[in-house]
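This briefing is for a reader who is new to the structure shown below. It starts with a single backbone feature and then goes through the model topic by topic.

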Amino acid sequence: QAKGDKHLDETAIKMIVGNNPVVEVNAKNEKQESVTLICKLIILANILPKIDDISGAVYDRMLFLKFDNPIPKSEQDPELLSKLRSEYPGIVAKAIEAFSSLIKRNYQFTEPDSSKEALNEYQNENDPVYQFMQFAFIENPDATTVISNSEIHRHYETLRKNKKIPEISLPKLSQNQLSAQ
């Protein structure tokens, strides 16, 4: 289990899930070669790693599945495994049916709304611009004061130096600022 201050290597993740030839295989007595990994990455964690990617590309490759319904010990069935054994043929048939459906959808998983909400929350927790906007500004649709992007950037840079958050250019801040609203 990772501590809350662990960072995900988003560059490696993007390379692996982007089907780039990223892995150098050096088998004994054979020529070293680059291979493309054809896989889905699964990250299981109670505490999610931090992501410094402000482009959003890592999040576009994520699907969250929340398992937030623990079964109290008093309701757990100690015989569940043996009961499931008798159901193996049906379980395997359902798994094959689900996999066939996944292939028909070009390996695109169905994403429940709860997963979309969890991913959005996770992205906001890791987005320094979103955090800055929440910290520094109060939303008021009736306000008439206009703050320039350069003034916003100056405030962001002050906060960045004090809080050790990622550096971001003015154009990128403006782009992210629009998506954070």
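**Briefing**

Just after helix 4, Asn106 adopts a positive phi of about 55°. Helices (H or I, at least four residues) and strands (E, at least two) are DSSP runs, numbered from the N terminus. Residues are numbered from 1 along each chain as its sequence is written, and side-chain values use heavy atoms, with hydrogens and water left out. This is a predicted model, in which local features need pLDDT of at least 70 and side-chain atom pairs count only at pLDDT 80 or more, while totals for chains, interfaces and linings use all residues.

**Overall layout**

- The protein has eight helices and two strands.
- Along the sequence these elements follow the pattern α-β-β-α-α-α-α-α-α-α.
- Of the 181 residues in the protein, 21% are buried; buried means under 20% relative accessible area, exposed over 50%, and partly exposed in between (1.4 Å probe, protein chains only).
- Among contacts in the protein with a separation of 6 or more, 56% are between residues 24 or more positions apart; a contact means heavy atoms within 4.5 Å.

**Confidence**

- The average pLDDT of the protein is 79, and 83% of the residues score at least 70; pLDDT is the predictor's confidence in each residue, from 0 to 100.
- Confidence is highest in helix 4, at 96, and lowest in helix 8 (residues 170–180), at a mean of 57.
- Where pLDDT is low, the predicted coordinates should not be read in detail.

- Helix 4 covers residues 88–104, and its 17 residues should span 24 Å at 1.5 Å a residue; the end C-alpha atoms are 24 Å apart, which agrees. The expected span is 1.5 Å times one less than the number of residues.
- Tyr107 lies in the loop between helix 4 and helix 5.
- Tyr107 has a positive phi of about 65° although it is not a glycine.
- Tyr107 counts as partly exposed because its relative accessibility is 39%.

**The loop between the strands**

- Asn29 is in the loop that runs between strand 1 (21–25) and strand 2 (33–36).
- Asn29 is another residue other than glycine with a positive phi, here near 60°.
- With a relative accessible area of 84%, Asn29 is exposed.

**Nonpolar cores**

- The largest nonpolar core has 10 residues, including Leu8, Ile13, Ile51, Val58, Ala118 and Leu119. A nonpolar core is a set of buried Ala, Val, Leu, Ile, Met, Phe, Trp, Tyr and Cys residues joined through side-chain atoms within 4.5 Å.
- Helix 2 (57–60) and helix 5 each supply at least two residues of this core.
- The largest share of this core, three residues, comes from helix 5.
- A second, separate core has six residues, among them Met133, Ile152, Tyr156 and Leu159.
- Not counting residues up to four places away in sequence, Tyr122 touches Leu48, Pro49, Lys50, Ile51, Tyr59, Met62 and Phe64.

**Aromatic rings**

- The structure holds three aromatic pairs; rings of Phe, Tyr and Trp (its six-membered ring) pair if their centres lie within 6.5 Å, and planes under 30 degrees apart count as stacked, over 60 as edge-to-face and the rest as tilted.
- The ring centres of Tyr59 and Tyr122 are 6.2 Å apart and the planes are at 75°, so this pair is edge-to-face.
- Tyr59 lies in helix 2 and Tyr122 in helix 5, so the pair ties together parts that are 63 residues apart in sequence.
- Both Tyr59 and Tyr122 are buried.
- One aromatic cluster is formed by Tyr59, Phe64 and Tyr122.

**Asn124 in helix 5**

- Asn124 lies in helix 5, which covers residues 113–126.
- Asn124 is buried because its relative accessible area is 18%.
- Asn124 touches Tyr130 and Gln131, not counting residues up to four places away in sequence.

**Salt bridges**

- A search of the whole structure finds two salt bridges; each is a side-chain nitrogen of Lys or Arg within 4 Å of a carboxyl oxygen of Asp or Glu.
- Lys83 and Asp77 meet through their side chains in a salt bridge of 2.6 Å, N to O.
- Lys83 is partly exposed, with a relative accessible area of 47%, and Asp77 is partly exposed at 31% relative accessibility.
- The side chains of Lys66 and Asp68 also form a salt bridge, at 3.8 Å, N to O.
- Asp68 is exposed, with a relative accessible area of 55%.
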